[in-house]
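Please open the model in your viewer and keep the selection tool at hand. The stops below follow one another as a tour.

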Amino acid sequence: MAAPVRRTLLGTLRGWRRLQGSRAGVPGARGLALEAVPSGSASPWRLLGGLCLQRPPRISKALTPLQEEMAALLQQIEVERSLYSDHELRALDEAQRLARKKADLDDDDDDDILLSQDLEDAWEQKFLQFKLGARETDADKKNDRTSLHRKLDRNLILLVRMKLGDQDVWLLPHVEWQPGETLRETAERALATLSENNMEAKFLGNAPCGHYKFKFPQAVRTESNLGAKIFFFKALLVSGDFSQAGKEGHHVWVSKEELGDYLKPQYLAQVRRFLLDL
């Protein structure tokens with residue numbers, strides 16, 4: 001049984017070799033080995049690493065009326081289906097003891113014992129002294145968009161004012177890619193450059209979240225220098241503030257809805273494709 005199988009395999013192998021030999025002499029035949037594609041001239045597009053730096057929400061969003069109604073319903077269901085807590089069991093036991101004492105059935109002297117009602121009164125006093133922090137900050141009232149302490153329940157995105165030709169344009173921070181570094185390292189260098197290492201951020205992955213391509217103005221455009229391609233990387237602000245770098249007036253922290261006040265329409269359309277504001 002093994003001999004016929006061996007002859008079949010050897011015959012198949014010889015046929016495959018003859019087929020490969022016949023294809024080797026055919027111009028344009030596709031072989032198993034792929035030759036290296038010769039590299040062309042340098043690309044006329046400059047590569048840039050962009051940074052989409054976001055400050056995450058500091059507080060939760062305010063509930064809508066429907067959410068408040070649903071939360072109250074769930075709380076009621078939770079209370080109705082829950083078991084008594086240790087404090088509630090203690091309160092029931094104390095109520096029974098007080099009832100027996102009034103009926104002269106319990107002679108225990110418990111005047112010096114701290115009752116559950118005394119605890120509840122003390123907790124109530126502490127609660128009345130507690131003051132909630134304001135959801136609207138001074139920066140919100142002044143509409144100070146250079147401050148991080150605004151719109152605490154929303155994502156804020158950093159925009160910087162950069163020089164493009166003879167114009168000052170609002171953009172996401174970016175720097176030009178240098179040979180030997182990855183695009184993420186370029187984006188990390190952009191963060192270190194604009195903040196002078198005053199800000200710490202957590203980058204979300206090694207792959208770009210989006211890109212944008214634009215051509216240079218006719219005055220500076222050449223065949224070898226047509227324009228630039230920006231590859232954006234997302235990062236979440238961990239600590240620090242851009243204002244500490246001493247560059248007030250050259251940056252803003254804005255929400256997704258406020259981006260239209262600063263960015264060009266085509267640039268804005270590309271940026272909004274990778275922004276989520278949940």
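**A tour by selection**

Begin by selecting E181, which counts as buried because its relative accessibility is 16%, where buried means under 20% relative accessible area, exposed over 50% and partly exposed in between, with a 1.4 Å probe and protein chains only. This is a predicted model, in which local features need pLDDT of at least 70 and side-chain atom pairs count only at pLDDT 80 or more, while totals for chains, interfaces and linings use all residues. Residues are numbered from 1 along each chain as its sequence is written, and side-chain values use heavy atoms, with hydrogens and water left out.

R189 is partly exposed, with a relative accessible area of 25%.

Next, select residues 183–195, helix α6; helices (H or I, at least four residues) and strands (E, at least two) are DSSP runs, numbered from the N terminus. On this helix T186, A187, A190, L191, L194 and S195 are buried. They cover an arc of only 150 degrees around the axis, which puts them on the same side of α6, the arc being that of the directions from the helix axis to the C-beta atoms. Showing β1 (45–55), β2 (156–164), β4 (174–176), β5 (200–203) and β7 (227–239) brings up the strands against which these buried residues pack, with contact meaning heavy atoms within 4.5 Å. Just after α6, E196 takes a positive phi of about 55 degrees.

Move on to helix α7, residues 265–272, where Y267, L268 and V271 are buried. Their arc around the axis is only 100 degrees, which puts them on the same side of α7. The buried residues of α7 pack against β3 (167–171), β6 (210–215) and β7, whereas the face turned away from the buried side carries the exposed residues P265 and Q266.

Now select K151 and E258, which form a salt bridge whose closest N and O atoms are 4.0 Å apart. This pair links distant parts of the chain, 107 residues apart, with K151 in the loop between α5 (138–142) and β2 and E258 in the loop between β8 (251–254) and α7.

Note on methods: The expected span of a helix is 1.5 Å times one less than its number of residues. A salt bridge is a side-chain nitrogen of Lys or Arg within 4 Å of a carboxyl oxygen of Asp or Glu.
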